[in-house]
Amino acid sequence: MRNLKNIILSIIYLTAILIFFFACVADDQHDIPNDICIENTLEVNASYDEVKALYNGEILRIQEDLIISGYINSSDAASNFFGNIHFQDHPTNPTQGLQIELDLRNLAIFYPIGQKVFIKLKGLYLDNDKGTYKLGGTFTAFGNLSVGRLPATKIREHIIVSCDEVVSMVPKKYEMEQLDSTMVNTLVVIDDLEVAPERLCGAFAEFRETTDVELNNCNGAPLIMRNSGFSDFQSALLPLGNGLVTGVLTKEREEYIITIRDLNDVDMNNERCDAIEYYCEIPEANATIFDVKEKYLGERITIKEPLVLNATIIANDENKNFSKQLYVQDATGGIKVKLDDTKIFERFLLNAVITIVVNGLTLDKIDEEYTLGILSDEEILGVEKEDYYRFFYDEGEYSEIIPNKINIADISEADIGSLVVVDSVQFVDNSKFVINNRDTKSVITDCFANELTLNTSRSFVYSSEVVPINNGSIIGILQYDNGFQIRIRDVADLVGMNLERCNVLDNAAEISLETLISQYGESGKEIKENLKIKGFVTTDYLTHNLENTSAIIQNQDIGMELEFKEAHQIPLNSEITIALRGLTFFNDEYGFHIKGLTNDHILNIIEAQPVKPFKVSIDELLSLKYNNVIVELQGFQFEDVNAVYAGDNVIVNCEDSYTISILESASFANVNVSDGKGNIVGVLIRGRFYVRSVSDFTFDQPYEDCSLKLTSKFVFISEIADPDNSSAALNMRFIELYNSSDKEVSLNGWALRRYTNANVSFTERSVIDLSGYVIPPESTFIIASNEVDFISTYGFSPNLEAGTGSAADSNGDDNIELVDGNGSVVDVFGRPGEDGSGTNHEFEDGRAVRNLTVTTNNNEYDFLQWMVFNDTGESGTVKLPKVAPLDYNPGQR
């Protein structure tokens with residue numbers, strides 16, 4: 001029996017390998033297989049030197065059962081390696097390395113840097129290709145045999161991934177003069193390197209062509225850096241400085257070659273040998289700021305196109321109101337550029353025209369503002385000073401940008417990052433530019449109470465000066481941070497602010513509830529502007545179920561509580577206009593509130609149509625999303641139909657319950673509650689569900705017995721599986737339920753539980769909670785012990801994973817019960833208290849299948865309803881073990 005299991009498992013494993021791999025192809029397009037690591041059960045029996053010693057001057061096929069191990073030091077993640085992996089004998093202090101050619105792309109996903117692997121050498125070919133030892137398959141070209149890529153279908157036979165954690169690979173540092181052949185195929189870092197002058201200002205590689213770049217140290221010793229024309233950094237400019245290069249070392253005859261994994265392997269920002277500086281010609285502009293912004297499609301992007309733009313500097317840090325950033329603008333708009341430097345105004349003068357190479361910069365939209373910078377650790381940082389040469393070129397020209405004239409009310413996103421001017425504005429408060437030595441937000445307003453924030457840095461040179469009190473114009477950079485803001489460059493940007501202030505009370509402006517909330521999101525803020533809002537009243541002061549100093553208004557999906565200083569008499573279903581100046585806006589856990597109203601704040605009242613309620617669930621109501629909004633709860637009834645409305649009453653819908661409270665002062669407090677079922681309209685006010693009157697209860701359906709909703713006679717156990725070939729390593733066990741009715745059944749409160757062996761009590765840890773699941777009509781519901789193993793065995797996902805030791809993980813001699821939402825046993829397999837071994841309810845190494853004639857559950861075990869397969873069961877059962885997946889059909893009834 002055990003040999004049969006092993007044979008079947010071998011067939012399954014081989015089938016999985018054939019599915020994962022496919023025949024090799026001629027180009028770079030391959031699919032990456034999902035791999036499964038193995039524990040370190042393989043025994044290494046050869047050293048790298050012993051393997052290399054097999055080579056006798058000609059390509060040979062290794063015949064011995066040799067196994068070596070190593071750590072991956074190469075990566076094709078940036079596409080600079082293709083079709084091979086390099087590995088070495090130790091992650092930190094290697095003495096030898098090898099490479100193997102593979103007919104597979106995206107190898108970094110499967111074999112990441114630092115991954116330990118075992119290499120089975122038998123059947124591989126070995127060659128010393130011009131000084132570099134290679135392993136792989138073979139191919140013949142022009143009659144010559146060469147080591148080539150190992151076919152994808154053979155990779156698993158030779159490369160075994162260890163279950164050890166991926167380790168950090170520390171490159172071994174060398175000087176050029178120290179290099180020798182023992183370092184080939186190992187990860188090295190070489191100091192004192194710089195690009196040969198003739199290659200400066202060029203790209204790392206020609207497009208789609210393998211390109212060798214000569215590097216030299218200060219003694220003139222050469223080293224080739226080999227770059228792929230398909231790499232992610234192909235178009236990036238080679239560094240101008242001197243420094244370190246990390247990569248995998250290979251050799252072609254007497255010439256050493258280093259191949260980097262990505263640009264992080266290049267750190268060449270030091271002064272070049274002999275302090276010689278090289279400059280590149282200013283590139284010609286081929287794009288606009290608008291073109292650059294168009295590259296942003298909802299998420300940050302590192303530009304990898306040769307885009308070059310000309311722009312004028314419109315803001316720098318000269319007066320310390322900007323820090324580590326430039327703003328530049330052309331005819332299509334402005335944009336922020338982050339720099340990791342101070343005193344940038346000495347290099348980047350105001351109104352200077354500069355050329356910016358965008359290739360290599362990262363574009364993001366931060367606080368609605370387009371920003372260029374350097375991506376590092378998932379953060380946009382400033383361009384460092386030593387990298388200026390890569391991105392910025394001074395034209396030596398100047399061109400003053402004329403600020404775009406805008407009205408505060410008409411500001412749009414298109415103006416962000418640009419130089420703008422707002423006319424006829426004044427500061428709301430007469431204060432200093434900077435208050436309490438902190439970055440300060442001052443409010444400016446036009447004569448129609450439209451406001452804009454002026455941002456000032458605490459480092460601003462003019463921080464101690466008082467803002468102008470009169471009306472005039474302000475020039476600055478338009479920014480965004482939870483609202484539009486403006487930042488000046490100099491006090492000279494406050495133009496002609498000597499005009500008479502305007503009185504905003506003469507121009508009351510109507511705003512929506514949405515605008516009010518967005519402008520006054522800070523709780524407890526006094527509304528100083530002359531604004532007004534409109535809303536529809538959804539409360540009834542006449543029925544006295546709410547304090548007469550409170551009312552609710554609503555506009556679309558936003559509700560707001562009005563808190564009066566005195567009693568009001570605002571009718572239900574009226575549209576009112578409210579003056580806001582002098583009132584206080586609050587936003588707390590109970591929603592939005594306006595406090596301090598008097599009847600004088602009500603400017604107008606007109607009769608209107610009732611507000612249509614939103615249909616919501618109890619969960620949505622409890623989320624507080626619908627605070628102060630009129631809603632409708634559907635399908636509810638009073639739990640106690642003999643109660644009156646006054647006090648706390650529980651309403652239920654057979655799934656959820658909720659308590660509503662009616663004040664004793666309500667005009668309908670002593671009326672008996674409705675004894676039917678239906679819909680309830682109300683408003684959630686400060687955590688209490690408020691109803692206006694009895695008419696808010698529309699109970700037009702008969703009362704429902706909720707206990708009938710928590711069960712169904714049509715849901716039963718249709719199959720229990722304990723395959724003979726199931727094991728701890730590959731758990732194939734499952735339980736299948738079936739709903740034979742033509743309606744879906746909610747399993748809220750339902751459970752499966754197991755009576756282990758002869759136990760008279762069910763095993764607590766075996767209980768499977770089925771709450772939250774639904775069985776569609778005439779459908780199965782599969783509970784697997786292990787989801788991953790189930791998918792591997794049967795080819796599709798179960799409805800639920802129950803885990804080891806659950807009712808679904810029975811070994812065939814246990815008893816299983818199905819319990820409904822009322823806690824009643826509705827279906828059972830076996831006889832709790834009786835060990836199933838040798839009985840008619842043993843399914844060990846087999847299965848128990850419900851007969852197709854059974855359509856309802858049964859709380860007593862009836863053997864005649866089942867077909868039971870096992871290995872040692874009682875007469876009447878079928879003593880024939882079953883093997884998965886061949887003998888099982890989960891999901892089919």
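This is a predicted model: local features need pLDDT of at least 70, side-chain atom pairs count only at pLDDT 80 or more; totals for chains, interfaces and linings use all residues.
Me: What makes cysteine 218 and cysteine 273 a disulfide?
Reply: A disulfide is a pair of cysteine sulfur atoms within 2.5 Å. The S to S distance of cysteine 218 and cysteine 273 is 1.8 Å, so the pair counts as a disulfide. The link is left-handed, with -90° about the S-S bond. Cysteine 218 is in the loop between β12 (211–216) and β13 (222–227), and cysteine 273 is in the loop between β16 (266–270) and α5 (289–293), 55 residues apart. Helices (H or I, at least four residues) and strands (E, at least two) are DSSP runs, numbered from the N terminus.

Me: Why is cysteine 218 called partly exposed, and why is cysteine 273 called buried?
Reply: Buried means under 20% relative accessible area, exposed means over 50%, and partly exposed lies in between (1.4 Å probe, protein chains only). Cysteine 218 has 43% relative accessibility and therefore counts as partly exposed. Cysteine 273 has 10%, so it counts as buried.

Me: How many disulfides does a search of the whole structure find, and what is the S to S distance between cysteine 447 and cysteine 502?
Reply: The search finds 2 disulfides. Cysteine 447 and cysteine 502 are joined by one, with an S to S distance of 2.0 Å. This link is left-handed, at -105° about the S-S bond. Cysteine 447 lies in the loop between β29 (440–446) and β30 (451–456) and cysteine 502 in the loop between β33 (494–499) and β34 (509–510), so the pair ties together parts that are 55 residues apart in sequence. Cysteine 447 has a relative accessible area of 18% and is therefore buried, whereas cysteine 502, at 22%, is partly exposed.

Me: Why are β57 and β61 said to stand at the edges?
Reply: The open sheet of 6 strands has the order β57-β56-β51-β50-β60-β61, with mixed pairing. β57 (800–801) and β61 (866–869) each have a single partner strand, so one side of each is left without a neighbour in the sheet. Two strands pair if DSSP finds at least two bridges between them. Strand β56 (residues 779–784) and β57 have 2 bridges, in the parallel sense, so they pair. Isoleucine 783 has leucine 800 in β57 as its bridge partner.

Me: How do you know that β53 and β54 pair?
Reply: Strand β53 (residues 751–755) is joined to β54 by 2 bridges, and the two run antiparallel. Alanine 751 has aspartate 769 in β54 as its bridge partner. The open sheet of 4 strands has the order β54-β53-β58-β59, with antiparallel pairing. β54 (768–769) and β59 (825–829) stand at its edges, each with a single partner strand, so one side of each lacks a neighbour in the sheet.

Me: What makes a nonpolar core, and which residues touch the most other members of the largest one?
Reply: A nonpolar core is a set of buried Ala, Val, Leu, Ile, Met, Phe, Trp, Tyr and Cys residues joined through side-chain atoms within 4.5 Å. The largest has 30 residues, of which Ile68, Phe87, Leu102, Tyr111, Leu121 and Ile159 touch the most other members. The elements that give two or more residues to this core include β2 (67–72), β3 (84–88) and α3 (107–110).

Me: Why is aspartate 722 called buried, and which residues is aspartate 722 in contact with?
Reply: Aspartate 722 has a relative accessible area of 2%, so it is buried. Aspartate 722 lies in the loop between β50 (715–721) and β51 (734–739). Contact means heavy atoms within 4.5 Å. Leaving aside neighbours within four places in sequence, the contacts of aspartate 722 include Arg733, Ser810, Phe843 and Tyr888. Aspartate 722 and valine 883 are 161 residues apart in sequence and 8.9 Å apart in space, C-alpha to C-alpha.

Notes:
Residues are numbered from 1 along each chain as its sequence is written. Side-chain values use heavy atoms; hydrogens and water are left out.
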